[in-house]
Each structure stands twice: as C-alpha cells, then as structure tokens.
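Biologist: Can you take me through this one?

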Amino acid sequence: MTTIEGQDRVLATAQQIVKSLNINTKATEDMILILSSFDNRLSNITDLMEGGTGDRFVSAEKIILRHDSGLGEPSSRSSSPWEESSTEAAEYLEAVDTIIQLTEDLNIQSDADSEIMDRAENALQLAMSRLEDEFLHILIRNTVPLDIDRLYGSIRKGSFSFPSNGIEIGDDFESYREDEDGGSGSGYHHERGPSLGGDVFVDLIHPEAIKELKAIADRMIRSGYEKECCQVYSNVRRDVLNECLSILGVERLSIEEVQKIEWKILDEKMKKWIQAIKIVVKVLLFGEKRLCEQVFSESELIKEISFVETTKGCVMQLLNFGEAVAIGQRSSEKLFRILDMYDAVADVFPDFEFLFTYESGELVCNEVKVVLTGLGEAAIGTFVEFENAVKGENSKRALLGGEIHPVTRYVMNYIKLLVDYSDSLNTLLPNTQEHDPISKELDDIDSGDTLSPISCRLLSLITTLEANLDEKSKLYDDIALGYIFLMNNILYIVQKVKSSELRNLLGDRWIRKHRGKIRQWHTSYLRAAWGKALLCLKDEVGIGGGSSSASKLVLKEKFKNFNACFEDIYRVQSLWKVPDDQLREELRISISEKVLPAYRAFVGRHGSQLESGRHAGKYVKYSPDDLENHLLDLFEGRPTVLNNIKRKGT
C-alpha cells in the first residue's frame with residue numbers, strides 16, 4: 001500500500017470518527033487535533049470547526065432535528081412554538097441563522113467537506129419546511145376579519161331624487177306619473193357612489209404578528225426559499241381578500257351571467273360594486289401593500305411579486321363585473337349608475353398606478369384602463385340614446401287637464417341629475433357646440449363665448465323638449481287649455497332650472513325669457529277662455545237706459561248668455577289642473593281682475609231693470625262675490641257642482 005493510499009484511508013477514517021463523535025463536543029475536538037497531525041489535508045476540518053463554529057453548528061442542528069420530529073399540519077396543532085414561547089421561537093431562529101451562515105461560508109470555500117455541506121443543507125431544508133409551516137400558521141391565526149360596520153360608518157353617501165319606474169322614454173310616457181310630494185308613487189332616489197370619510201385604516205393582521213412573519217420571511221428569502229414563502233403568503237391573503245369581497249356583496253359572476261340580470265337586481269349589484277371598489281382599493285389594497293412592505297422588506301422584488309399575486313385575483317373579479325356592465329344592453333335608466341361606476345374607477349385609477357408599479361403590476365393597470373374606457377363609452381352611448389329618445393318622442397294623446405306631461409318630468413329630472421356629472425361628461429363628450437342647432441338659444445344665456453360640451457348638450461335637450469311641448473299643446477281642441485298646458489310645463493322646466501346647477505349653466509336671462517313666455521300664455525289664456533263671456537257684458541244699441549220690453553229682452557238674453565258661458569267655463573276649467581300654487585293663484589286673481597269689474601259694472605247699470613220683473617233671479621243669478629267664490633274652484637282638477645246662488649237682494 002502506497003503512502004498516498006494510506007493517507008487517504010486515514011482521512012476517510014478520521015471523517016467517519018468525527019461524524020460518530022458529534023454528540024461529544026470535547027472528544028470531537030480532541031480527535032480532530034490528533035488526527036489532523038497525521039496529514040495536513042485534515043486541517044480543513046479544523047478550519048471549519050475552530051472558534052466555536054462547530055459547537056454552534058451541532059447545537060443548531062440538534063434544535064432543528066428536535067423540532068423536525070414534531071412537524072405537522074397547522075390544522076392538527078393547537079399552537080406552535082412561536083405562540084407557546086417567545087424564547088423557544090428565538091432559539092429556533094438563532095439555530096436557523098447559524099445553519100444559514102455555515103452554508104454561506106461553505107459555499108465560499110470550494111474545498112469544503114461535502115459531508116458537512118450535506119448535513120448543513122439537510123438541516124436548512126428541514127428548517128425551511130418548518131418555517132414555511134409556521135409562516136402559514138401565523139398568517140391564518142392572526143388574520144383580522146373585515147369590520148364592515150366600521151367601514152360603513154366611514155362612508156358618506158349622497159342621494160338625488162330621480163323619479164322613474166323603470167320605463168323607457170317613448171310610448172310609455174303617458175302611463176308615467178311622478179309623486180312630487182314624496183309619497184309612495186313611482187319615484188325613487190338615485191344614490192351616488194359612496195366616498196370614504198377621511199383616511200380609513202384597518203388592521204389586516206394582528207400587529208404583533210407582523211414581526212414574527214418578517215423574521216421568518218427574512219430567513220426564507222436569505223436561504224433561497226423566497227418562492228415558497230411568497231406562495232404561502234399569497235394563497236392565504238388571496239383567500240382573505242376574496243372573503244372581503246363576499247362581505248362587501250360582490251359576487252363572482254361571469255360576463256354572461258351579469259348581462260342576464262334584470263335591471264332592479266343589477267342596480268343593487270352596481271351600487272355594491274361602486275362601494276366595494278373604493279373600499280378595496282383605498283383601504284384593503286393599500287393595507288396589503290403596507291403589509292407586504294413590512295413582511296418582505298428584505299427584497300423589493302418579492303415584496304412586489306407577493307403584492308401582485310395576492311391582489312390581482314380580487315382586482316380582476318371587480319374589473320370583470322365592470323366590463324360586463326360596459327358591454328351590456330344600454331337603456332336610459334342605467335346611465336347614472338354607469339357614470340357612478342366610471343367616476344369610481346377614475347377616482348381610484350391613480351391609486352392603482354401607485355400600487356402596481358412593476359411589470360406584472362402594469363398589466364393590472366392596463367386592465368383598469370380598458371374597463372374605465374369601456375364604462376366611459378357605455379355612458380356616452382347611453383346618453384346619446386337618451387337624446388335620440390327625447391327627439392323621437394311623439395305621443396299624440398292630449399293629457400287631460402293640461403297637466404305637466406310625463407315627458408317633461410322625466411327629461412327635466414334626468415337633466416337635473418346629469419348636471420351633477422358635468423365633470424365626467426365634459427371629459428367624455430366631444431365639443432360639438434358648432435354643430436348643435438342651438439345658436440339662436442345662445443343669446444338667451446349668460447355664459448361666456450364658449451359653452452362646455454355638456455352645457456351644449458343640455459341646452460339642446462331643453463330646446464328639443466320645449467319644441468316637443470309646443471307641438472303637444474296643439475293637440476288640445478280648447479285653445480285655452482293648450483295655454484294652460486304650456487304654462488304648467490314651461491314653469492316646471494323653469495323651476496327645475498332654478499333649483500339646480502342648471503341655473504349656473506343657463507343663467508337668469510334664460511329664466512327671465514321663459515317667465516316672459518309664461519306671462520304671454522297667461523294673457524292669451526284670458527283672451528281665449530273669457531273673451532266670449534266678457535262680450536256678453538258689453539253694452540249694445542237698444543239697452544241704453546230705457547225700460548222698454550225690447551230693452552229688457554236684450555238684457556235678459558245678455559244675462560242668460562253670460563250665465564251659460566260662466567257655468568260652462570266653471571264646469572270645464574274646474575277639471576283643469578294647475579299644480580303650482582302660485583301660478584294657480586295668479587290665474588284666479590287675473591280672472592277676477594278682468595271679469596269681476598266688468599260684471600259688477602254691468603249688473604250695476606242694468607240689474608235694476610230686471611229686479612222688478614218676474615223671475616229676476618233667473619237672469620241675475622250671481623252676485624260679484626258669488627262669482628269670486630266660484631273662481632276658487634278653478635284649476636283644482638276635480639269635478640265641482642255649481643250652486644245656483646241668487647244675487648243678494650233679489
């Protein structure tokens with residue numbers, strides 16, 4: 001046997017002896033010193049174990065192997081070392097640090113002993129498995145449930161009255177009624193999307209657990225087990241976010257399922273979605289980002305990957321619903337909710353850009369852009385359909401009593417709400433002032449040289465509505481009722497303008513012009529409705545002052561004709577409806593001022609000629625006060641019986 005072969009056998013034997021004596025540290029060190037004197041090639045063992053490193057390695061290995069025997073699934077244990085004893089947890093982490101340091105040192109030394117390296121890597125693998133298990137266990141046990149009551153308490157809601165029973169503009173207008181007094185009619189409130197009251201912060205994990213999670217994550221990343229750590233974290237937190245969506249009322253629905261949902265149910269889901277996307281982004285995603293930064297502070301890459309992997313499923317579920325709404329069937333009733341969704345996404349888009357910065361996150365931001373664009377296009381498409389519906393509305397049935405037409409109520413309430421979305425609509429609508437047929441209307445408003453896109457479109461809509469109403473007024477056989485119809489409807493439009501932001505758009509000049517129109521129709525009404533009755537009160541040749549039979553006969557015919565005219569007007573116009581109290585009172589006053597003086601004068605001049613005759617009360621049936629009292633029954637919209645009250649003194 002050669003010298004070299006002998007030395008190799010001695011080295012092999014020494015290594016075997018060292019392994020077998022690891023349980024006795026003192027004996028191990030003595031044996032290494034003895035054996036290393038036989039051959040200088042044994043000195044690498046001495047180098048690895050000198051300075052107490054050997055002691056620390058053996059102790060660390062023992063700790064890891066001891067805990068390895070108790071490994072199990074988190075669900076099968078009621079506690080873990082981290083929860084039982086902070087001292088025990090610290091001891092285990094210190095052992096892991098020792099093994100990690102050793103493997104790093106051995107990797108640096110190319111001539112390191114392979115047996116020691118194998119043992120160190122085996123211990124490290126066991127330790128990482130244990131830490132992964134503990135990481136999962138801590139995540140699950142320390143998750144904080146979403147406190148929905150607290151979140152809702154931090155949300156401010158705005159609501160606007162928008163009368164609608166779900167009908168479309170068109171032939172169904174005649175069956176539509178609005179309860180202006182807030183009764184149980186067909187009106188409902190359109191609730192704007194919620195806004196968070198100030199900075200809302202929620203704990204996603206019990207704060208005391210974050211330090212423990214970071215301690216484990218740091219060691220797993222340092223040991224090259226970042227993928228496993230990231231996967232465990234993302235799986236647990238992804239499930240938590242999915243549960244949060246469920247609590248917020250957001251279901252996992254396919255695009256096909258969303259498009260089959262009837263409107264009333266879909267409207268509720270859209271409201272919940274608007275609320276959810278703000279809470280998810282501004283509260284939950286920022287919370288997840290903060291948590292990732294705390295747990296994975298050792299690695300920027302793992303921090304970002306973990307955040308994206310954790311949150312993208314939740315985000316995509318929200319975006320899928322938004323996409324389904326955007327490509328769904330369009331109807332005018334959906335416009336405000338679609339605009340609410342658009343505003344909600346536009347509001348949180350800068351947050352998305354802040355949260356998702358790396359390449360994988362940019363894909364999420366691109367998806368958000370697609371949905372935002374789709375919702376904007378859906379909103380404008382729906383708005384255009386509404387415009388076309390108003391222009392094409394051509395119902396030909398005259399409304400009984402000359403009341404406010406359903407078209408007027410619907411369109412003006414619709415327009416009044418649209419003003420609240422001016423910022424969004426100005427962003428989405430093209431500037432088409434030069435193409436809109438409203439140039440003659442521009443002189444009637446107080447705005448500057450250039451109107452915003454939404455201003456042009458709303459002015460055009462109101463102009464179209466007025467032309468529509470003018471045509472409908474011609475459907476009435478009674479011209480006077482046509483004027484009542486115009487007064488009722490244009491006054492309603494003016495009142496809606498005055499009580500909303502439309503006033504800032506159209507200005508006082510527009511309001512004055514339309515009030516002038518109402519006064520003109522008022523005058524025209526008096527002429528058309530009472531002109532015939534007033535003709536009966538004019539003196540004619542033959543009824544000067546004499547008491548001839550011919551003169552009395554003419555007077556009797558005059559009084560009979562006036563009585564018939566008045567009673568016919570009373571019977572008909574008591575069925576007419578003027579909803580506005582002030583306009584109704586102004587009409588009654590103007591009638592009194594025009595009719596009563598003429599009647600009082602006529603009775604004063606000629607009533608005495610008939611008082612001495614038989615059946616005088618048959619002709620002079622009413623005193624001026626009787627007429628004035630009867631005028632109070634006009635425009636109430638209900639049938640009234642006219643009492644034949646004799647004039648006092650007859």
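Biologist: How do the residues lining the second largest cavity divide by class?
Modeller: Four are nonpolar, one is polar and two are charged (Ala, Val, Leu, Ile, Met, Phe, Trp, Tyr, Cys and Pro count as nonpolar; Asp, Glu, Lys and Arg as charged; the others, Gly among them, as polar). This is a predicted model, where local features need pLDDT of at least 70, side-chain atom pairs count only at pLDDT 80 or more, and totals for chains, interfaces and linings use all residues. Residues are numbered from 1 along each chain, and side-chain values use heavy atoms, without hydrogens or water.

Biologist: Which residues line that second largest cavity?
Modeller: Gly249, Val250, Glu251, Leu253, Lys269, Trp273 and Phe321 (lining means an atom within 4 Å of a cavity point, on a 1 Å grid where a 1.4 Å probe fits but cannot get out).

Biologist: How much space lies in it?
Modeller: The second largest cavity holds about 60 Å³, the space filled by probe spheres set on its points.

Biologist: Helices now. At what angle do H10 and H13 cross?
Modeller: Helix H10 (residues 226-247) and helix H13 (residues 300-326) cross at roughly 30°, and their axes come within 9 Å. H10 is therefore roughly parallel to H13 (angles under 35 degrees).

Biologist: What classes of residue make that H10 and H13 contact?
Modeller: Eight nonpolar, six polar and four charged residues; contact means heavy atoms within 4.5 Å.

Biologist: And how far apart are the axes of H7 and H10?
Modeller: Helix H7 (residues 114-141) has its axis 10 Å from that of H10, at an angle of about 20°. H7 and H10 are therefore roughly parallel to each other.

Definitions and conventions: Axes fitted to C-alpha atoms, helices over the stretch in contact; angles between N-to-C directions. Helix = DSSP H or I, 4+ residues; strand = E, 2+ residues; numbered from the N terminus. Parallel < 35°, antiparallel > 145°, perpendicular 65-115°, else oblique. 1 Å grid on protein atoms, 1.4 Å probe; cavity = no way out; pocket = protein on both sides within 12 Å on 5 of 7 lines; lining within 4 Å.
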